[in-house]
Every structure is written in C-alpha cells, then in structure tokens.
Amino acid sequence: MKNGQNVLRIQEHHDCAFVRRVEQQSHQKVSQCYQCGNCTASCAFTDDYDFPVNQIMRLIQLGRKETVLGSRAIWLCGQCQACTVRCPCTIDVARVMATLRVLALENGYVADKNLRRFADEFLRSVSLFGRVFESGLLAVYKLRSGTVLSDMELAPELLKKGKLSFVPHRIGGRREVAALVKRFSSAL
Ligand code: SF4
Ligand code: SF4
C-alpha cells in the first residue's frame, strides 16, 4: 500500500442521493455491485489509485461523494474496459469512472491540478490531430505543469522503440473527432 491510499474521512457527510445521481448519469446499476473485486484484479492501475476501483464502487453506494469525486483514481483510469468485461453484474465500470470525472468537473472537485491539466491537453491534442500526438502533448503538458525535467530518463528508451514521434499523424475524420470533443466539453 502506498502513502495516502485508503484514507477515509469517517466524519464525511453521506450523500444518500449520490448513488442515484451516478446511476442516472451513467445508466449503470452501481447499487448491484457485490464487491467481488474482479474489477480491481483486472485494473492495471490499481497500485497507483488512491482507492481501488471496487472501493470506488462501494464508496458510491455509501454516498461518500466528497471522497469519490476528490479521488485521484477517477482521473488515472485509462478507460481500457478490462473491469467492464469482467464484472459479473454486467456493470459498465469504465463508464461509471468516466461519469465520475464529469461529475467531479461539474461539482468543482479536482484532486490534482496536473491531472486535470493533462486531461485537457490530451483532449486538445485529439481535437487537433484526430488522435493523440504524444510528443506535442508531453511538451505542452510539461511546460504548463512546471515538470519539464521529470521522467526524462524514459525518453531514450521510448525513442529507441519508436514510441515518440516528432511529427503528428494526421488521420481522416479530424473534423468529426473535433466535433465530438467539442460536444463532450460543452456538456460540462
Ligand atoms: S477502465 Fe479504468 S478502472 Fe477499469 S480496468 Fe481500465 S483503467 Fe482500471
Ligand atoms: S467486478 Fe462488478 S460486482 Fe465485482 S466489485 Fe467490480 S463492480 Fe462490483
């Protein structure tokens, strides 16, 4: 367990309507989760989350709105869908995580400004090029977040494996992708 993981504020207000709000917005039955843990076992980011995804589901059921919307986990989720395909209750867990991000933005909860900054820059890059331009995204993000020198040791290996390109790949349908991003952003 890392520092800061699983620290619950027991005096926190329980918002009984929160589970209904999440269910309505995500169209998923979070209340049916029976804590089997398959989602957490499937998630590649569990070690980096402050609360594993099954605990996020339980916290929603308990109405712990502040803890859930203030968590880092909802911003670190990569939307890989591994949790969704393994949930025995057929809950689209990834969709619930995406919904929580929207609710966090709507309610002014930002666990970490840099996480939000990265999400914004990611969408901007997708909007411009139709898919993410990793080198450009990293350069802008690092400048804006003041983390220019962090993770520099990874660059040579990424370049050697051809994972970082200095030129963006422009795909077809960029205008449609940009319209999708705009629609998503204006819904917030
Ligand atoms: S969608 Fe998110 S929570 Fe689910 S397994 Fe992937 S990274 Fe983890
Ligand atoms: S896999 Fe489904 S039922 Fe199991 S803990 Fe995760 S959300 Fe709950």
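Colleague: Which helix does Glu121 lie in?
Modeller: Glu121 is part of helix H8. Keep in mind that this is a predicted model.

Colleague: Is Glu121 buried or exposed?
Modeller: Its relative accessibility is 7%, under the 20% cut-off, so Glu121 counts as buried.

Colleague: What does Glu121 touch, not counting residues up to four places away in sequence?
Modeller: Leu137, Val140 and Arg144.

Colleague: Switching to the largest nonpolar core. Which residues touch the most other members?
Modeller: Ile60, Met97 and Leu100, in a core of 33 residues. At least two residues of this core come from each of helices H1 (18-26), H3 (53-61), H4 (65-69), H5 (73-76), H7 (93-106) and H8 (113-129).

Colleague: And where does the largest share come from?
Modeller: From H7, with 7 residues. Another core, of 5 residues, lies apart from it, and includes Val126, Val132, Val177 and Val181.

Colleague: Back to Met97. What is it in contact with, leaving aside neighbours within four places in sequence?
Modeller: Tyr49, Val53, Ile56, Ala73, Ile74, Cys77 and Gln79.

Colleague: Now the ligand. Which residues surround ligand 1?
Modeller: Cys43, Phe45, Tyr49, Val53, Cys77, Gly78, Gln79, Cys80, Gln81, Ala82, Cys83 and Ala94. Tyr49, Val53, Cys77 and Gln79 also came up as contacts of Met97.

Colleague: How many of the shell residues are nonpolar, polar or charged?
Modeller: The shell around ligand 1 has 9 nonpolar residues, 3 polar and no charged.

Terms used. Residues are numbered from 1 along each chain as its sequence is written. Chains are lettered from A and ligands numbered from 1 in the order in which they are written. This is a predicted model: local features need pLDDT of at least 70, side-chain atom pairs count only at pLDDT 80 or more; totals for chains, interfaces and linings use all residues. Side-chain values use heavy atoms; hydrogens and water are left out. A nonpolar core is a set of buried Ala, Val, Leu, Ile, Met, Phe, Trp, Tyr and Cys residues joined through side-chain atoms within 4.5 Å. Buried means under 20% relative accessible area, exposed over 50%, partly exposed in between (1.4 Å probe, protein chains only). Helices (H or I, at least four residues) and strands (E, at least two) are DSSP runs, numbered from the N terminus. Contact means heavy atoms within 4.5 Å. A residue is near a molecule or strand if one of its heavy atoms lies within 4 Å of it. Ala, Val, Leu, Ile, Met, Phe, Trp, Tyr, Cys and Pro count as nonpolar, Asp, Glu, Lys and Arg as charged, and the others, Gly among them, as polar.
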